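Biologist: Please take a close look at a single part of this model, the start of the chain. I would like to know what it pairs with and how it relates to the ligand.

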Amino acid sequence: MKLFLDSGDIDEIKKAYGLGVIDGVTSNPKLIAANWNGKNADFLEALDKLGRKDPVIVTLSSHERDAMIREARELSARHPNVVIKLFMTEQDLSVIGELKGRGIPCHVSLVYSVNQAFLAAKAGASIISPFLGRADDFGDDGVRLLTETIDMIRGYGFDTEVMAASIRHPYHARQAIRCGAPIITLPFAVLEKMYRHPATEEGVQGFLDAAGMKT
Ligand code: E4P
């Protein structure tokens, strides 16, 4: 099982790695715009400086086929473990095989149905992401989408990992864990809420006070 941090903020990423629970990083155009002025290359360089070689998922800045392939090749040359995030569109589907043939793994995001997940896996995606929170936003059942996707991938034996994404709160995280999601990506705010508990904090304080210890 792998846990990814969905972030473009290098301080958050360092903090999450410091906890010893993170296996990689995912990003999206919003995060790269907010933290790196839209420049993936700068983000990859900052990650490189951390000395970690874990997978990092980045999006492309173009949606034109040749430019997509060119940029994917450039990005994968910059970092040993880049995974290219694509979207669940006709154009993106058609690019997966080409990149796979060049040894560049693809992650298909914005997946909202088992049919979409099936086609992305069939096209050769290494990772596919059902978007739990956004599915819920449409009145769908994000957790059910995740479960059905995992069942479909396992049933066919596709060489594709399912990554639960658009995790908005600890309950989503809990549900994804209970489904046995092979990968979960979540923002730092959710990660923090997962390890914090008022009863733990109260208990720790009580014990520290009783022993006269300070933190
Ligand atoms: C993950 O890959 C996405 O960047 C992220 O989960 C989107 O989350 P949101 O639906 O809360 O914007």
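Modeller: Two strands count as paired if DSSP finds at least two bridges between them. The model is predicted, and the part to look at is strand E1, residues 2-6.

Begin with the partners of E1. Strand E8, residues 183-186, pairs with E1 over 4 bridges, and the two strands are parallel. In this pairing, Leu5 stands opposite Leu186 of E8. E1 is also joined to strand E2, residues 24-26, by 3 bridges, again in the parallel sense. Here Asp6 has Thr26 of E2 as its bridge partner.

Next comes the path from E1 to E2. Helix H1, residues 10-19, belongs to it: E1, H1 and E2 together form a β-α-β unit, and this unit is right-handed.

Asp6 is listed among the residues around the ligand, together with Asn28, Lys85, Phe131, Arg134, Ala165, Ser166 and Arg168. An N or O atom in the Asp6 side chain is 3.0 Å from an oxygen atom of the ligand. Arg134 has a side-chain N or O atom 2.6 Å from a ligand oxygen. For Arg168, a polar side-chain atom and an oxygen atom of the ligand are 2.8 Å apart. The ligand taken alone exposes 340 Å², and 84% of that is buried by the protein. Its site is the largest pocket.

To sum up, Asp6 is bridged to Thr26 in E2, and Asp6 is also one of the residues around the ligand.

How values were computed: Residues numbered from 1 in each chain as written. Predicted model: local features only at pLDDT ≥ 70, side-chain atom pairs only at ≥ 80, totals over all residues. Heavy atoms only, no water. Right-handed = clockwise from strand over helix to strand, strands pointing away. Near = heavy atom within 4 Å. Polar contact = N/O pair within 3.5 Å; in protein donor to acceptor, adjacent residues only side chain to side chain. Areas by Shrake-Rupley, 256 points an atom, 1.4 Å probe, with all protein chains shown as cover. 1 Å grid on protein atoms, 1.4 Å probe; cavity = no way out; pocket = protein on both sides within 12 Å on 5 of 7 lines; lining within 4 Å. Sits in = over half its atoms within 2 Å of the grid points.
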